Amino acid sequence: MRHGDCPHEAALLESLAAAGPDGCSDELRAHVAGCASCAAVMEVVARLREERRASIHEASVPSSATM
């Protein structure tokens with residue numbers, strides 16, 4: 001898999017997958033604050049998580065009789 005221009009992007013993606021944005025180390029957060037590429041990754045992940053939460057909340061589960 002090809003990652004972006006930043007050598008820290010793989011570590012950021014791994015951290016986000018494991019624990020989400022709140023699970024990033026202070027060092028990684030400091031890096032993201034100064035790296036446009038990683039900041040963009042963080043923004044995309046945040047928006048995808050938001051969409052996922054909204055989709056789960058809005059999902060209509062059919063009754064067991066329908067199934």
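Modeller: What follows is a set of labels, each set against its definition.

Modeller: A word on the ground rules: this is a predicted model, so local features need pLDDT of at least 70 and side-chain atom pairs count only at pLDDT 80 or more, while totals for chains, interfaces and linings use all residues. Residues are numbered from 1 along each chain as its sequence is written, and side-chain values use heavy atoms, with hydrogens and water left out.

Colleague: Fine. What makes the pattern of the protein α-α-α?

Modeller: Helices are DSSP runs of H or I with at least four residues, strands are E runs of at least two, and both are numbered from the N terminus. The protein has 3 helices and 0 strands, and reading along the sequence gives α-α-α.

Colleague: Why is the protein called more spread out than a compact globule?

Modeller: Its radius of gyration is 16 Å, well over the 11 Å that the globule rule gives for 67 residues, so the "spread out" label holds. The radius is taken over C-alpha atoms, and the rule is 2.2 Å times the number of residues to the power 0.38. The box filled by the C-alpha atoms, along the principal axes, is roughly 55 × 25 × 15 Å.

Colleague: Why is Ser15 called buried?

Modeller: Buried means under 20% relative accessible area, exposed means over 50%, and partly exposed is in between (1.4 Å probe, protein chains only). Ser15 has 15%, so it counts as buried. Across the protein, buried residues make up 21% of the 67.

Colleague: And what is Ser15 in contact with, leaving aside its neighbours within four places in sequence?

Modeller: Ser15 sits in helix α1, residues 9-19. With contact meaning heavy atoms within 4.5 Å, its partners are Gly20, Gly23, Cys24 and Leu28. By contrast, the C-alpha atoms of Ser15 and Ala36 are separated by 18 Å, at 21 residues apart along the chain.

Colleague: How do you know whether Ala11 is buried, partly exposed or exposed?

Modeller: Ala11, also in helix α1, has a relative accessible area of 42%, so it is partly exposed. Its C-alpha atom is 13 Å from that of Asp26, 15 residues away along the chain.

Colleague: Which label do Asp5 and Ala65 get?

Modeller: Asp5, in the segment before α1, has 73%, so it is exposed. Ala65, in the segment after α3, has 74% and therefore counts as exposed too.

Colleague: What makes Arg47 and Glu43 a salt bridge?

Modeller: The term needs a side-chain nitrogen of Lys or Arg within 4 Å of a carboxyl oxygen of Asp or Glu. In Arg47 and Glu43 the closest N and O atoms are 2.6 Å apart, and the pair forms a salt bridge. The structure holds 1 of them. In general, side chains of opposite charge can pair when their charged atoms come close.

Colleague: Where do Arg47 and Glu43 lie, and how accessible are Arg47 and Glu43?

Modeller: Both lie in helix α3, residues 36-58, and are 4 residues apart, about one turn of the helix. Arg47 has a relative accessible area of 54%, so it is exposed, while Glu43 has 39% and is therefore partly exposed.
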